Amino acid sequence: MSRIDYNISQIKAVAFDVDGVLSPNTVPMSPDGEPQRMVNIKDGYAMQLAARCGIKMAIISGARTENIRARFALLGIHDVFLGASQKLPVFRSWMEQNGLEPSQVAFVGDDIPDLPPMREAGLAVAPRDAAPEVKNEACFITAANGGYGVARELLEEILKVNGHWLDDVKAFGW
């Protein structure tokens, strides 16, 4: 049984924004002006396990920092779309390329640019500290703030419902 008011057993894929979702809202800058994002290790564990269990994942971000691509590739996520000033066309294209219906997909976002794909997805998810307009559109608001376990919280629910959380040999390794 899930805490999420949605039939999450049908979720086959999750798309994530980065800043404010997988990293905190505050992003330190290097001396040359390059954003230096923090990552959450528990998010990483859940993301790599979900990837190994067959859940498709994508990163759709307006950011252009290539180290984002490298981080998520290490977790088995290769659909990383950077510089997405309009996220809905990217989201739709990714769903089409993967043969996904909106009801099979969750989108996790925290700010105004995330609203169009959140409205398209079957399950719209927002971190606890998301913009009020985004939380109003979300089907599920995580207990975690952005960057502090949002992916873990959602993916753990999906994996539990599908019997992959602590009940699958894949759960005990990287």
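Trainee: Which residues does Ala 58 touch, not counting residues up to four places away in sequence?

Mentor: Val 14, Ala 15, Phe 16, Ile 77, Asp 79, Phe 81 and Trp 94. Contact means heavy atoms within 4.5 Å. One caution first. This is a predicted model, where local features need pLDDT of at least 70 and side-chain atom pairs count only at pLDDT 80 or more, while totals for chains, interfaces and linings use all residues. Residues are numbered from 1 along each chain as its sequence is written, and side-chain values use heavy atoms, with hydrogens and water left out.

Trainee: Why is Ala 58 called buried?

Mentor: Its relative accessible area is 0%. Buried means under 20%, exposed over 50%, partly exposed in between, with a 1.4 Å probe and protein chains only. Ala 58 therefore counts as buried. Ala 58 is found in strand S2.

Trainee: What makes Glu 153 count as buried?

Mentor: A relative accessibility of 13%. That is under the cut-off, so Glu 153 is classed as buried. Glu 153 lies in helix H6. Leaving out residues up to four places away in sequence, Glu 153 touches Arg 3, Phe 140, Thr 142, Ala 143 and Ala 144. Asp 43 is 110 residues from Glu 153 in sequence, yet 8.1 Å from it in space, C-alpha to C-alpha.

Trainee: How do you know that H6 is mostly covered?

Mentor: 10 of its 12 residues are buried. Among them are Val 150, Leu 154, Ile 158 and the charged-type names Arg 152 and Glu 156. The buried residues of H6 pack against S1, H1, S2, S4, S5 and S6. These labels are DSSP runs, numbered from the N terminus: helices are H or I with at least four residues, strands are E with at least two. After H6 comes Gly 163, with a positive phi near 75°.

Trainee: What joins S1 to S2?

Mentor: 4 bridges, and the strands run parallel. Two strands pair if DSSP finds at least two bridges between them, so S1 and S2 qualify. Phe 16 stands opposite Ile 59 in S2. From S1, Ala 13 and Ala 15 point one way, Val 14 and Phe 16 the other, and all are buried. S4 and S5 also qualify, with 3 bridges in the parallel sense. There, Val 108 has Val 125 in S5 as its bridge partner.

Trainee: What is the count of cavities of 30 Å³ or more?

Mentor: The count is 1. On a 1 Å grid over the protein atoms alone, a cavity is a set of points where a 1.4 Å probe fits but cannot get out, and lining residues have an atom within 4 Å of a point. The largest cavity has a volume of about 40 Å³, where volume is the space filled by probe spheres set on points joined across faces, edges and corners.

Trainee: Which helix gives the most to the lining of the largest cavity?

Mentor: H1, with 3 residues. H1 and H2 each supply at least two. The lining is Leu 22, Val 39, Asn 40, Asp 43, Gly 44, Met 47, Arg 71 and Phe 72. By class it has 4 nonpolar, 2 polar and 2 charged residues. Ala, Val, Leu, Ile, Met, Phe, Trp, Tyr, Cys and Pro count as nonpolar, Asp, Glu, Lys and Arg as charged, and the others, Gly among them, as polar.

Conventions:
On a 1 Å grid over the protein atoms alone, a cavity is a set of points where a 1.4 Å probe fits but cannot get out, and a pocket is an open set with protein on both sides within 12 Å along at least five of seven lines; lining residues have an atom within 4 Å of a point.
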